[in-house]
Amino acid sequence: MKFMRFGAFLTSLYAGVFCLSAQVAYLEVDHILANPAPMQMEIHAVLLDSRGWLWIGSGNGLARYDGYRAIPCLLNEMLRPAVFDPSVRGICEDQSGKLWLATAQGLIRFDPLNGTMVRYGHSRERSDTISDDNLTCLYISPVHPGRLWIATANGDLDEFDLASDRIIRHPPAAASAPRPGAIHVISGDPAGVLWIGAASGLYRFQPLDGSLQFCPPPVAAAGSKKTVGVKAIFCDEGFSNSLWIGSDGAGLLRYQPDTGLWQRDSQATPFDDMPTDSTINTVASFPGEPQNLILGTEDGLYHFDLHSGRFTRIALLFNNSDYQTSQCTQVIYCDRLGSFWIGSCRNGLDKWSPVRKKFSRFRPNGNILPSSLANWVTSLKEFADHEILLTTYGGGAFIFDRRTSVFQRLLLDPDRANRGLNSFITDSVIGRDGSLWFTTAEGLARCSAGGRLQRLYSLNPAIAEAAEILAFSFIQDANGCNWIGTDRGLIRLDSEKGDLHYYRQNREDARSLSNDRVNFIMAEASEALWIGTDDGLNFFQPGSGGFSIFKNDPSDPESLSSSLITFLERDSQGRIWICTANGLNLLRRAGGKISFQRFLAPGDDARQNSFLSMIEENDRYFWLGSKAGLARFDARLGTFTFYDRRDGVLADGLNEAFFFYRCRDNEMFFGGRYGFTGFRPAEFMLNNHPPPVVVTGYGTGRDGMAADVPSPSQPLWQPIVFTAAGDLNPLNIEFSALDFIRPEKNQYAFRLEGRDHDWIYQGTDRVVRLTGLRPGHYLLRVKAANNDGIWNENGLAVNVVVRRPFWPTWGLILLAGMAAAIMAAAVVWMRRRARRLRAAAIPDNLDLIMEKFSISKREAEIVRLLLAGKSNKEIEDALFIALATVKIHVHNIFQKVKVHNRLQLLLRIQREAKKLE
C-alpha cells in the first residue's frame, strides 16, 4: 500500500529548514527590514540588549526594533555635519545597560533609559583619546566585561576601561609582522585571548601583557594569495576549540590555536556550490543544526556540513513561496532566544526563528486517489496498542500501524469491492464485544473484529426523500442502542430487533428536535443525550417525550454564543464544552438551571472563533480545531493560542481539523479532507520566555494611535500625562512584548487599578484604549504572552496622569459666574416689575372691560383673583369650587381675552383700562 508521511523531511533539518535537492536548501525567514526607509542600506551590526530591545546598526544609522517596527535613533547631533556619515558599524552593551556604537566619526555612548549620548573622538594632542575616529568594530569579552575593545580602519586597537572612563592605546604588531590594516572583526575565546581579523590576516592579542602576534596561514591554505584578509571569526567550544575563519577571497579556513595549524576545510568538488575563492563576511552555527556552519558571503548564504566537508547554497524563503538565493550577506547574529538575524549588504534584515513543535502528516491513500475525497479522514479509534482504526469518505477504512506508519486497507465486503460501503464511511465505533460498526453510504454496517461485513442496517425506509442519508455522528449508549446524527434528523436503531425510530424537527411542536442537521451526539451517564445541531443544543432524555432546546439569545449573556453547534467534549472533570460557529462555551448547572460561559478569541477574525473540534490535553489545556488553524486553549485564563504552518502545523484552516482523537499514550490526532496529523504535546519545546513589556507609543483620539511614537532617544519610563476631554478624547497607549519568535502572535492584557477587577484580555491587539477617565492619577498594569501563550505575570506598571483641561478650570468658571450674575439680575428685575403691575392690577373700570370680552360673572370673580396674584389652589379655596373647574375657567378666560399666560392677561387688562379713560 502506497502512503506518504509528510513532515519527515522537515524533521531531518529540524523544522524550519528543508531541502528539495542535494544542492539547494531553503531557510524560511521573515522580512524585518525589506528596503524600507530608513534602513535600505547595508546592515552592519545587530544586538539584543538585556532589556529585550533589538538594536540595528546600518548604513543609515541606529534603529530600535520592538517586533513590529524599527524606529530610527537620531545621531546627527553627535556627528560632525561637515563629514556626516550616519553609519553604525558596531554595537556593544556594557553591564550597566548602556550601548556603545562604532561610527565613522568616533565612539558614541548611548543610554537607552534617558536617551542621552556622549561622543568620544580622536585628538592628536591627547594620548588618552581613541587612536582614530574611523571605527570599524567593537568587542566586550565575557571574561573581562569591564573592558571595551575598539578597532579602527587604520589597524589601531584601543582599550576602554569602563569603570574609570580611561582609554589606552595599544601599539601595533612587532616590526617583523605586517601592520594589521583595517580591522574587520574582534572575537574572544574562553581563556580571554582576543582574536583579531584584519586586512592583513589573523592576529592574537594577549590582554594581560598587551602583545599582538601575527598568525600567518601557510601557502597551502592561502592558495595563490600572498596575504589572506580575515573578515569573520567563529569561535565555539563545540567545534574542538577551532577557529573558523571567513577569509577575503580564500574561502573558509580552520585554525587550531593550540598547534598553530591551518586547514582549508574543503577542496573543490563537483558537488560544491561555493567557489573556493569566495569572500566570507560572517560565520555562525547553522540554524537548527549547531554541529554545522552557515556562511554569509558576497553572493549569498551557504550551509557547510562538517562531516562531509560539502557546501550547499541556501535560498531564503519568504511567505512559503518567494525565495532569493544570491543575497549578499553581511551579518548573521544569533540572539539568546535562538533566533537568527541575517543582515544583507543591500536588502535590509531578515529573521529565522526555530520551530520547536513536531507534527507528522499522513495520507491514507497517498497521492493515488480512487476519488477526489479519498484522503478525507472522518474518524479515528484506537484499535490496539499500536494500531488505529480510521475511516475516510471516499477511500474506505484502514488499520494504521503507528510504529511503522503503514496503512492496511479494510474492505467490508471484499467480494464486491465497488460497493459504496467499502469507500464512503463517515464514522465508526468499536463495540464492547470487539465488533466494528461503520456508518456508510449504504447504512449502518456491523462487521467482525477483522472488518468483514456481518449485517447492514438501512437507514432510509422511513424517510420520504429518495436521496441517501448522510451520517455525521454515531455512538452506542450504555444499553447498546445505536444513535446516529444525520442530515435528516436523529435516528435510534435497536440492532437486536432491527427497529428504527426517527426524531425530526416539527415546527408546530416546540419540544421536537430543533434542526434536522445533527452534527454531534454525546451520551450522559444517565442515558440522556446531548445533541448538537445547526440550530441549537438539544438535551434528550429517552422516555421524557421531547427535547429541551438551548439557543443563542442576544439579550442573555449566559446563553450560547451561537446556535450552530459543531462539537461536544466532556473533560476529565466531567465538564461539558460546546464548540460553536462563534466561540467556545462551557455548560454550567446551578440551582436546577443551565447556563453557559462564553470564551471568545478577541479580535476581528471570525475564523478564530469558528471551532470545529476539541480534545483535552490536561485539566488546564485543550486543543481545538478552528477555521483559522489549530488552537491551544488555556481554561484557567480563558485565552487562545493559535498555530499554523509557520509553527510546523502542516495542516490548518477550514478543511483540516474536523475532529480530534487522543490515544492512551497521549498521542493526539486531528483529521480532515487532506489526511490527518499526529503530535505529542508533551514533546513540544515551548517558548518559555516570558516577554518583557514596554511602552512604544501613546496618543489620543478615537482613530486609534496618534502619530506620537517616540524615538529611541526619547525615554518612555516617565508617567504618561494627558489632558482629559471626555469620551471623545480617549487615551490610547501602545505596548510591545519583546519576544521576536512570532511577534504577531504575542498577546496582551491590561487592568486599570481602581476600575477593573479582573484582567481584560485583548488577544494580539497591543493598544490599550482608556475612555471616561476623570482628572487624577491612575496605575495601569499590562502583561503580555509570547507566541506559545507563556505570560509575563509581572508585566509593566504605567503611571497615567489625567489633567483637567484649561478651559474648565478658568474659562468655564468665569462664564458660569457671568451667567449666574445675569440670571440673578433678571430675577430681581422681574420680581420688581411684577410687584409694580400687581399694585395697579385692578382698574376702576374693570367691569366695562369684562363686558367687552363677554366675561361671565363667575369668570369675572376669577379674573379679579388672578390679577391679585392668586394660584389655582388659592382660587379653589376662595370660591369653593373644584380645581379642575378653576383650570377650565382660566382656560376660557385666556381664550376670550386672547392671551396665553397670567402676565399677558395683566398687561392686556391695563391696556384696555387706559383706552377707556
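Which residue in S63 is the bridge partner of Val 694? In this predicted model, in which residues are numbered from 1 along each chain as its sequence is written, local features need pLDDT of at least 70 and side-chain atom pairs count only at pLDDT 80 or more, whereas totals for chains, interfaces and linings use all residues. Side-chain values use heavy atoms, with hydrogens and water left out. The bridge partner of Val 694 in S63 is Ser 736. Strand S63 (residues 731-737) runs antiparallel to S61, and seven bridges join the two, where strands are taken to pair if DSSP finds at least two bridges between them. Helices (H or I, at least four residues) and strands (E, at least two) are DSSP runs, numbered from the N terminus. Of the eight residues of S61 (residues 693-700), seven are buried, a term that denotes under 20% relative accessible area, with exposed denoting over 50% and partly exposed the range in between (1.4 Å probe, protein chains only).

Aromatic rings were treated as follows. Rings of Phe, Tyr and Trp (its six-membered ring) pair if their centres lie within 6.5 Å, and planes under 30 degrees apart count as stacked, over 60 as edge-to-face and the rest as tilted. By this rule the count comes to 50 aromatic pairs. The rings of Trp 55 and Phe 110 form an edge-to-face pair, because their centres are 5.6 Å apart and their planes stand at 80°. Since Trp 55 belongs to strand S6 (residues 54-58) and Phe 110 to strand S11 (residues 106-110), this pair ties together parts that are 55 residues apart in sequence. Both Trp 55 and Phe 110 are buried. The pair of Phe 362 and Phe 676, by contrast, is stacked, because the ring centres are 5.1 Å apart and the planes lie at 25°. Phe 362 in strand S33 (residues 360-363) and Phe 676 in strand S60 (residues 675-679) are 314 residues apart, and their pair thus links distant parts of the chain. Phe 362 and Phe 676 are likewise buried. One aromatic cluster is formed by Phe 359, Trp 623, Tyr 643, Phe 660, Phe 670, Phe 679 and Phe 684.

Charged side chains also lie over aromatic rings, the criterion being NZ of Lys or CZ of Arg within 6 Å of the ring centre and within 35 degrees of the ring normal. The charged end of Arg 632 sits over the ring of Tyr 621, at 3.8 Å from its centre, and Lys 783 lies over the face of Trp 791, at 5.4 Å from the ring centre.

Arg 204, found in strand S19 (residues 201-206), is buried yet has no salt bridge, defined as a side-chain nitrogen of Lys or Arg within 4 Å of a carboxyl oxygen of Asp or Glu. The nearest side chain of opposite charge is Asp 189, 5.8 Å away, with Lys and Arg counted as positive, Asp and Glu as negative, and His and the chain ends not counted. Not counting residues up to four places away in sequence, the residues that Arg 204 touches include Trp 195, Cys 215 and Tyr 255, contact meaning heavy atoms within 4.5 Å.

Positive phi values occur at loop residues. Ser 405, which is not a glycine, has a positive phi of about 60°; Ser 405 lies in the loop between strand S36 (396-401) and strand S37 (406-410) and, at 5% relative accessibility, counts as buried. Lys 898 has a positive phi near 65° and lies in the loop between helix H7 (883-897) and helix H8 (902-916), where Lys 898 is exposed, with a relative accessible area of 69%.
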